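Reader: Could you take me through the salt bridges here? I would like to go pair by pair.

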Amino acid sequence: MGKYFGTDGFRGEAGKELTADHAYAIGRFLGYYFKRDGKCKVAIGKDTRLSCYSLEHGLIAGLAASGADVYLLHVISTPGVSYITRTGDFDCGIMISASHNPFYDNGIKLVNSRGEKIEEEVIDEIEKYLDGELPPVPFATGADLGRVYDHTDGQDLYAGYVISSADGPFSEYKVGLDCSNGSTWKLAEKVFKALGAEVTVIHKEPNGTNINVACGSTHPEDLQKLVKEKGLDVGFAFDGDADRCLAVDADGNMVDGDKIIYINGCWMKEHGKLKGNKVVTTVMSNFGLYKALDAVGIGYEKTAVGDKYVYENQKTNGYVLGGEQSGHTIFTDYATTGDGLITAVRTLKVMKDTKKSLKELAAPVVLYPQVLKNVKVVDKETALNNAAVQAACDAVTAKLEGNGRILLRKSGTEPVLRVMVEALTHELCEECVDSVIAAMDAEGLVVEVRK
């Protein structure tokens, strides 16, 4: 990760850590960078945050000043930008969003011409430019100046693609949707109504400041209540930019990303579509997922936390299904990024084909209790490689006897080690986590223990 860009774009509080000046500079550099080989086309989408307007105009000004043509998709999901970029002969796509973060944060996400997260070497050059380490880029002049086009029809193109990927119709289903007052506030209802479902939508009135507020995939309580009270068959909750989707069964129980991977993986295996007979997860997927996958003979890979790493593994090895517990699910037969709408329609497709409820499909995944504590340490590498700490982790593994696991990993942004244990009971998790922290403390490594 760089100074400005992390695993999922340039993030920060709008107007402070991420400003219109940053957006203008990024636009200036990207327009220049991609125009070197001829005329440059860039697609821009945004979510519903108030700060999207100033960042959008900063990007437009910078891109056009460098000679790039800009196509405005307006409010659309991150996967929508990815789809339009890779199918519309664009050099680059930009999504203005801070995903599931509060409204006062925002972000700039970049995708390449294939709709994938942009290459690290390009990010490195942008960061150098932002820090004044590269020469100023020239302004375009005369007829070489960029133009700005309204590309609202890109929203319909993407919606049509999602509908075609669903293999519907779903006229026998009653579906609840929580749009998080974000990117899917119109899009999700349009897709599911086109597929014939009876649709009830909540949190579809964005006002610039209510995105992700007590709603969506991070706060699905309203959706759980809706599904139960109205007797719906299933509910789907999206985050602010709709690259995540979590589900709710008819009893109001949450079905997280791990269970969604299991449900779709089983269906794909049965239909000969699970290439390599493996799914890709991150190290934070629940131990219960792996037990369930073992039981049905599906293999798995484990990557670092971040859908970026999941997709890299899928692309390298040809695996078609992967994701995170948080709801980023990547179906590479359909998308190059996590796509909440495609996740929803594909999961409903499994329900239809199997004639089973979501509760039945998810039942084999019994999630293990989990305890995670963050430990601020003097030095991450020293603490991680300490012999006494490693011995304490080995002792926990032996104690769990194959019915759980311990994970000790570094924070990417601060001097913190995360100690996570999954076991048969919450009490056993606490006991095992505390034993490892005690070993750290005895070695003089601990500064502070956080929840």
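Reader: Which side chain meets Lys204 in a salt bridge?

Author: Happy to start there, with a word on the source: this is a predicted model, where local features need pLDDT of at least 70, side-chain atom pairs count only at pLDDT 80 or more, and totals for chains, interfaces and linings use all residues. Residues are numbered from 1 along each chain as its sequence is written, and side-chain values use heavy atoms, leaving out hydrogens and water. A salt bridge needs a side-chain nitrogen of Lys or Arg within 4 Å of a carboxyl oxygen of Asp or Glu. At 3.3 Å, N to O, the partner of Lys204 is Glu189.

Reader: In which helix do Lys128 and Glu125 both lie?

Author: These two form a salt bridge, with the closest N and O atoms 3.5 Å apart. Helices are DSSP runs (H or I, at least four residues), numbered from the N terminus. Lys128 and Glu125 are 3 residues apart, about one turn, in helix 4.

Reader: How many salt bridges does the count come to?

Author: Some are linked in a network, whose members include Asp8, Arg11, Lys109 and Asp241. By the rule above, the count comes to 29.

Key:
Helix = DSSP H or I, 4+ residues; strand = E, 2+ residues; numbered from the N terminus.
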